[in-house]
Amino acid sequence: MATTALFFIFAGIAIGCALSLVYNRNPLYSAVSLIGVFVALSCIYITLAAPFIAAVQILIYAGAIMVLVIFVIMLLNLDDDKPYRRLGYLYALGGFLGIVLLAQTFFVFWAVTKTTKPAVAGAFKAEETVGRTMSIGTNMYTEYLLPVEIVGVLLLMAIIGGVILVRRLSQPELELVVDNELARRNEAEEADDYRIEL
Amino acid sequence: MEPSLATYLALSGILFTIGAVGVVFKRNAIGMFMCIELMLNAVNLTFVAFSRYYGDVTGQLFVFMVMSVAAAEAAVGLGIIIAFFRNRVSVDVDDASVLKN
């Protein structure tokens with residue numbers, strides 16, 4: 001009973017924060033709302049007997065990724081979004097997408113409730129070791145060793161990619177880019193002059 | 001009594017819907033990025049719920065993988081946003097139209 005009450009409280013917080021994330025125009029308010037979603041989801045993971053995932057959720061998402069996002073927002077000194085001037089069909093598309101996904105959600109809810117009555121009545125299987133750090137670690141370094149290695153390579157590639165993206169061009173390359181741009185503009189001006197003479 | 005599997009799936013579906021609609025509605029590149037993170041979290045919730053439901057640890061392992069991919073995405077995505085801001089002094093995705101002509 002307590003679990004149900006906690007679940008609905010944190011589900012409400014998560015949905016409210018998610019709506020506030022989409023509604024707010026100020027990116028910093030959106031980021032703080034997203035942190036609220038992460039914390040609420042972490043509490044829901046605890047009601048699902050997954051303490052390790054709950055801790056990692058706080059550490060990685062709220063602790064690392066969101067700090068990085070907020071750092072970028074402050075670094076770029078972003079203002080509020082200007083009033084929307086997007087094409088109208090994007091709103092129609094977004095509304096249509098939302099309706100379809102919500103309908104799908106409620107269909108899944110209905111179908112799962114209908115088909116798994118006996119299993120759901122018996123609640124979840126009570127295996128207390130499943131969410132523990134030890135069982136996760138054992139599985140990670142025995143059965144799922146290859147995926148873990150692949151994720152390691154992926155992270156390395158992301159680090160290299162991030163450094164290359166943000167790096168400033170070294171001086172000779174920069175001069176080359178500037179020269180090319182100036183040459184292109186000169187050509188365009190000459191073409192304009194030619195057109196005027198004609 | 002615990003909430004049923006269907007309840008967790010419904011919560012996850014609602015969060016995913018909000019994230020997907022947010023990606024279409026937002027014009028700010030950082031806002032879109034945060035909506036994508038929200039969608040990844042909704043998927044993580046289904047993984048953990050099924051892991052609990054079947055008493056199998058694999059779901060939680062894959063949540064860990066998804067989190068690693070999200071961290072990699074944050075590094076590369078924010079790098080792209082900063083590079084774009086350096087060229088255009090804006091993070092508005094409507095300004096990213098260099099390839100249009």
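**Exercise 1. Describe how helices α1 and α2 of chain B are placed relative to each other.**

Step 1. The axes of helix α1 (residues 5–25) of chain B and helix α2 (residues 29–54) of chain B come within 8 Å and cross at roughly 165°. Axes are lines fitted to C-alpha atoms, for helices over the stretch in contact, with angles from 0 to 180 degrees between N-to-C directions. Helices are DSSP runs (H or I, at least four residues), numbered from the N terminus. This is a predicted model, in which local features need pLDDT of at least 70, side-chain atom pairs count only at pLDDT 80 or more, and totals for chains, interfaces and linings use all residues. Residues are numbered from 1 along each chain as its sequence is written, and chains are lettered from A in the order in which they are written.

Step 2. α1(B) and α2(B) are therefore roughly antiparallel (an angle over 145 degrees).

Step 3. The crossing of α1(B) past α2(B) is left-handed (the near helix is turned anticlockwise from the far one by less than a right angle).

Step 4. Residues in contact have C-beta atoms, placed from the backbone, within 7 Å. On the α1(B) side they include L5(B), Y8(B) and F16(B); on the α2(B) side, M32(B), L38(B) and Y53(B) are among them.

Step 5. By class, the residues of this contact are 18 nonpolar, five polar and no charged. Ala, Val, Leu, Ile, Met, Phe, Trp, Tyr, Cys and Pro count as nonpolar, Asp, Glu, Lys and Arg as charged, and the others, Gly among them, as polar.

**Exercise 2. Work out which elements of chain B touch chain A.**

Step 1. The contact involves 60 residues of chain B and 73 residues of chain A.

Step 2. On the chain B side, α1, α2 and α3 (58–88) each give two or more residues, and α3(B) gives the most, with 21 residues.

Step 3. This side has 43 nonpolar, 12 polar and five charged residues.

**Exercise 3. Locate the centre of the largest nonpolar core by its contacts.**

Step 1. The core has 68 residues, and V37(A) and L38(B) have the most contacts inside it. Such a core is a set of buried Ala, Val, Leu, Ile, Met, Phe, Trp, Tyr and Cys residues joined through C-beta atoms within 7 Å; buried means 20 or more other C-beta atoms within 10 Å.

Step 2. α2(B) supplies the largest share of this core, 13 residues.

Step 3. Leaving out residues up to four places away in sequence, V37(A) touches A14(A), C17(A), A18(A), L21(A), L38(B) and N41(B).

Key:
Parallel < 35°, antiparallel > 145°, perpendicular 65-115°, else oblique. Contact = placed C-beta atoms within 7 Å. Buried ≥ 20, exposed ≤ 12 C-beta atoms within 10 Å, placed from the backbone.
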